[in-house]
Amino acid sequence: MRSDAGRFWATRERPFSQTVEDAGAHRTVDADDLVKLCQAIAEQESIAERTRPSLWMAR
């Protein structure tokens, strides 16, 4: 979506867990263009992946 100020933004439909949010992942991000928005989304998902315990560790 694009804001009134001309910035692109995206909001994750499913919230991150509190642990992931505490690690610095944000559900909503914005950027000046679509490439930077995709990079911002990827960065948040990367934070989440690094924060979540691996499935093999849960066994």
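Against which elements do the buried residues of H2 pack? The tour begins with this helix and then turns to the salt bridges.

**Before selecting**

This is a predicted model, in which local features need pLDDT of at least 70 and side-chain atom pairs count only at pLDDT 80 or more, while totals for chains, interfaces and linings use all residues. Residues are numbered from 1 along each chain as its sequence is written, and side-chain values use heavy atoms, with hydrogens and water left out.

Colour the model by pLDDT, the predictor's confidence in each residue, from 0 to 100. The mean for the protein is 87, and 85% of its residues reach 70 or more. Among the elements, S2 has the highest mean pLDDT (96) and helix H3 (residues 55-58) the lowest (49). Where pLDDT is low, the predicted coordinates should not be read in detail. Helices (H or I, at least four residues) and strands (E, at least two) are DSSP runs, numbered from the N terminus.

**Stop 1: helix H2**

Select residues 34-51. The 18 residues of H2 should span 26 Å at 1.5 Å a residue, and the 26 Å between its end C-alpha atoms agrees with this; the expected span is 1.5 Å times one less than the number of residues.

Next, select Leu-37, Ala-40, Gln-44, Ile-47 and Ala-48, the buried residues of H2. Buried means under 20% relative accessible area, exposed over 50%, and partly exposed in between (1.4 Å probe, protein chains only). Viewed down the axis of H2, these buried residues fall within an arc of 100°, so they line one face of the helix; the arc is that of the directions from the helix axis to the C-beta atoms. An α-helix has 3.6 residues a turn, so residues three or four places apart point the same way.

The opening question can now be answered: the buried residues of H2 pack against strand S1 (8-11), helix H1 (18-22) and strand S2 (28-31). On the face turned away from the buried side, select the exposed residues Leu-34, Val-35, Glu-49 and Arg-50.

At the N-terminal end of H2, select Asp-33, which caps the helix: a side-chain oxygen lies 3.1 Å from the backbone nitrogen of Val-35.

**Stop 2: Gln-44**

Gln-44 lies in helix H2 and counts as buried at 8% relative accessibility. Display its contacts (heavy atoms within 4.5 Å). Leaving aside residues up to four places away in sequence, Gln-44 touches Phe-16, Gly-24, Ala-25, His-26 and Val-29.

**Stop 3: the salt bridges**

A salt bridge is a side-chain nitrogen of Lys or Arg within 4 Å of a carboxyl oxygen of Asp or Glu. By this rule the count comes to three.

Select Asp-30 and Arg-7, whose side chains meet in a salt bridge (2.9 Å, N to O). Asp-30 lies in strand S2 and Arg-7 in the segment before S1, so the pair ties together parts that are 23 residues apart in sequence. Asp-30 counts as partly exposed at 43% relative accessibility, as does Arg-7 at 29%.

Asp-32 is in the loop between S2 and H2, 25 residues from Arg-7.

Finally, select Arg-12 and Glu-45, whose side chains meet at 2.7 Å, N to O, in a salt bridge. Arg-12 lies in the loop between S1 and H1 and Glu-45 in helix H2, so this pair ties together parts 33 residues apart in sequence. To close, select Arg-7, Asp-30 and Asp-32 together: salt bridges that share partners join these residues into one network.

Note on methods. Polar contact = N/O pair within 3.5 Å; in protein donor to acceptor, adjacent residues only side chain to side chain.
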